[in-house]
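Dear colleague,

I am handing over the structure below, and my notes on helix packing and charged pairs follow it. Please read them alongside the coordinates.

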Amino acid sequence: MKLRAMAKKYRRKNKKTKKLQKRKSTTKTLQKSVALIGFRGVGKTTLAQKLAELRRVPVISLDKKIEEYLNQTISDFVKSHGWPAFREVEKKILKELAQNPEICILDTGGGIVEEGEGEASKEKIDILKNSFFCIYLTMPDDLLLERLSSAKKTDSRPNLPGNIREILEKRKPLYLQTAHAVVDVSQATVEEAAERINRILK
Ligand code: S3P
């Protein structure tokens, strides 16, 4: 390679590195853990991972914590104990995580705002609102339901009790009540959505 071309390449690379270093050094430390909330299938898990990478904090999956605690899958537990029992375990683990002083990105389950047979859970909503900065991820219903039905074949999640559209309608005001910010992720790639949330958090 000619000397001038090499120098140009080096300058470009150096500029890029400096830009990246500047971005990293201006990323403020999160003051509060962040919880991603929203219906199943909206992309909470993937986005939580991306966001955690971006903010360099750990990501915690509430569902995984529950499965570790139960030592079985959520699906199996729901089959043998029912939804209200699952919602109680979910509340217990959420309470524990809310007391953890380590800042993290929390990936919640879609029914985190519920208890019993699908009633609003004031207690869980309060815990989320007080201990986390909650971001409600949304997308148009049809797109969300379409994503859910195409994911069905490989999906290990238990079927929700009742009509999925009705459950979604019922949960929307609860998510809104819990959220500190709402982000529509339907038009964005994971990277774009994570950047958008990152800007909200600054
Ligand atoms: C649930 C969603 C699941 C999981 C459980 C209950 C729900 O999490 O917590 O199966 O009630 O919508 P995802 O939202 O990650 O699928």
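A salt bridge is taken here as a side-chain nitrogen of Lys or Arg within 4 Å of a carboxyl oxygen of Asp or Glu. The model is a predicted one, and a search of the whole structure finds 16 salt bridges in it.

Under that definition Glu123 pairs with Lys95, their closest N and O atoms being 3.0 Å apart, and the pair links distant parts of the chain, since Glu123 belongs to helix H6 and Lys95 to helix H5, 28 residues apart. Glu123 is partly exposed, at a relative accessible area of 35%, and Lys95 is likewise partly exposed, at 35%.

The two helices concerned, H5 (residues 83-99) and H6 (residues 122-131), pack at an angle of about 20° with their axes 10 Å apart; angles under 35 degrees count as roughly parallel, and H5 and H6 are therefore roughly parallel to each other. Their crossing is left-handed. In this contact Arg87, Glu90, Lys91, Leu94, Lys95 and Ala98 of H5 meet Glu123, Lys124, Ile127, Leu128 and Ser131 of H6, a set that divides into 4 nonpolar, 1 polar and 6 charged residues.

Within H5 itself, Lys92 forms a salt bridge with Glu96, the closest N and O atoms again being 3.0 Å apart, and these residues lie 4 apart, about one turn of the helix.

Elsewhere, Arg165 in helix H8 bridges to Asp142 in helix H7, with 2.9 Å between the closest N and O atoms; Arg165 is partly exposed, at 40%, whereas Asp142 is exposed, at 53%.

Best regards

Definitions and conventions:
Residues numbered from 1 in each chain as written. Predicted model: local features only at pLDDT ≥ 70, side-chain atom pairs only at ≥ 80, totals over all residues. Heavy atoms only, no water. Axes fitted to C-alpha atoms, helices over the stretch in contact; angles between N-to-C directions. Parallel < 35°, antiparallel > 145°, perpendicular 65-115°, else oblique. Left-handed = near helix turned anticlockwise from the far one by under 90°. Contact = heavy atoms within 4.5 Å. Nonpolar A, V, L, I, M, F, W, Y, C, P; charged D, E, K, R; others polar. Buried < 20%, exposed > 50% of the residue type's maximum accessible area, 1.4 Å probe, protein only.
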